[in-house]
Amino acid sequence: MIPAIIMIAIVVILLLILTGCYNKLVKQKVTAEEAFSTMDVYMKKRFDLIPNLVETVKGYAKHEEETLAKVVSLRNQNYSKMSSEEKMESSAAVSRMIPQIMALAESYPDLKANQNFMELSGQLEAVEADIASARRYYNGAVKQYNVTVQSVPTNIIAGLFHFETKPMFELDSEEERQNVKVKF
């Protein structure tokens, strides 16, 4: 009689551990996905802000078409149909282009004094700060999730239920690691 009770107790304890590990994985996965969604909102906001900024700069910088054309082509991609990885790659590409737009603005004193340009660049600066904050939050959530996915005993549960690690949002170059500085 006692061995049956011990076996039942062991099975119940194992089920409780399994349930606890699974719930922890689900919670952290959802947190990481929510963190990406937060970052995605800011990247989309920047994605929508860029054309207005480019059009304002275009009026002053007719001969700088190549730089502006690259930015417009990045913007013309269908953001809503991109995967998470494509959104992160697109965001990195836009981050590389923004300093070039701002450098163009430095060449045109009248542009720097233009009220529309000043408002747009102020909005861009605020969005860049929001994106940086959202990236930190996303990477923190992904780090915690990835550690859980790879740690014992949750790695066993993660393997059984196909929980995969998520990519960190990393910038490719030292230039991209710098905040965009908008100065007038």
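Partly exposed here covers the range between buried, which is under 20% relative accessible area, and exposed, which is over 50%, using a 1.4 Å probe and protein chains only.

Before going on, a word on the source. This is a predicted model, where local features need pLDDT of at least 70 and side-chain atom pairs count only at pLDDT 80 or more, while totals for chains, interfaces and linings use all residues. Residues are numbered from 1 along each chain as its sequence is written, and side-chain values use heavy atoms, with hydrogens and water left out.

Back to the rings. The structure holds three aromatic pairs; rings of Phe, Tyr and Trp (its six-membered ring) pair if their centres lie within 6.5 Å, and planes under 30 degrees apart count as stacked, over 60 as edge-to-face and the rest as tilted. Tyr22 and Phe161 are an edge-to-face pair, 4.9 Å centre to centre with 65° between the planes. This pair links distant parts of the chain, since Tyr22 is in helix H1 and Phe161 in the loop between H6 and H7, 139 residues apart. Helices are DSSP runs (H or I, at least four residues), numbered from the N terminus.

Tyr22 also pairs edge-to-face with Phe163, at 5.7 Å centre to centre and 75° between the planes. Phe163 lies in the loop between H6 and H7 and Tyr22 in helix H1, so this pair ties together parts 141 residues apart in sequence. Is Phe163 buried or exposed? Phe163 is buried, with a relative accessible area of 10%. Ring pairs link Tyr22, Phe161 and Phe163 into a cluster.

Next, charges. Side chains of opposite charge can pair when their charged atoms come close. A salt bridge is a side-chain nitrogen of Lys or Arg within 4 Å of a carboxyl oxygen of Asp or Glu. How many does a search of the whole structure find? It finds four salt bridges, and I will go through some of them.

One of them joins Lys166 and Glu33, with the closest N and O atoms 3.8 Å apart. Lys166 lies in the loop between helix H6 (154–160) and helix H7 (174–177) and Glu33 in helix H1 (residues 2–60), so the pair ties together parts that are 133 residues apart in sequence. Lys166 is partly exposed at 22% relative accessibility, and Glu33 is partly exposed at 36%.

Another joins Glu128 and Arg46, at 2.7 Å from N to O. Glu128 sits in helix H5 (residues 115–150) and Arg46 in helix H1, so this bridge connects parts 82 residues apart in sequence. Both Glu128 and Arg46 are buried.

Asp48 and Lys44 also form a salt bridge, 2.9 Å from N to O. Both lie in helix H1, four residues apart, about one turn of the helix. Asp48 is partly exposed at 33% relative accessibility, as is Lys44 at 32%.

Last, the surface. Ile2, Ile6, Met7, Ile10, Ile13, Leu14 and Ile17 form a nonpolar patch with about 700 Å² of accessible area together. Patches are made of residues with over 30% relative accessible area and no salt bridge, with like charges joined within 9 Å and nonpolar side chains (Val, Leu, Ile, Met, Phe, Trp, Tyr) within 5 Å. Accessible areas come from the Shrake-Rupley method with a 1.4 Å probe; for residues, only the protein chains shown count as cover. Ile13 is in helix H1.

Note on methods. Helix = DSSP H or I, 4+ residues; strand = E, 2+ residues; numbered from the N terminus.
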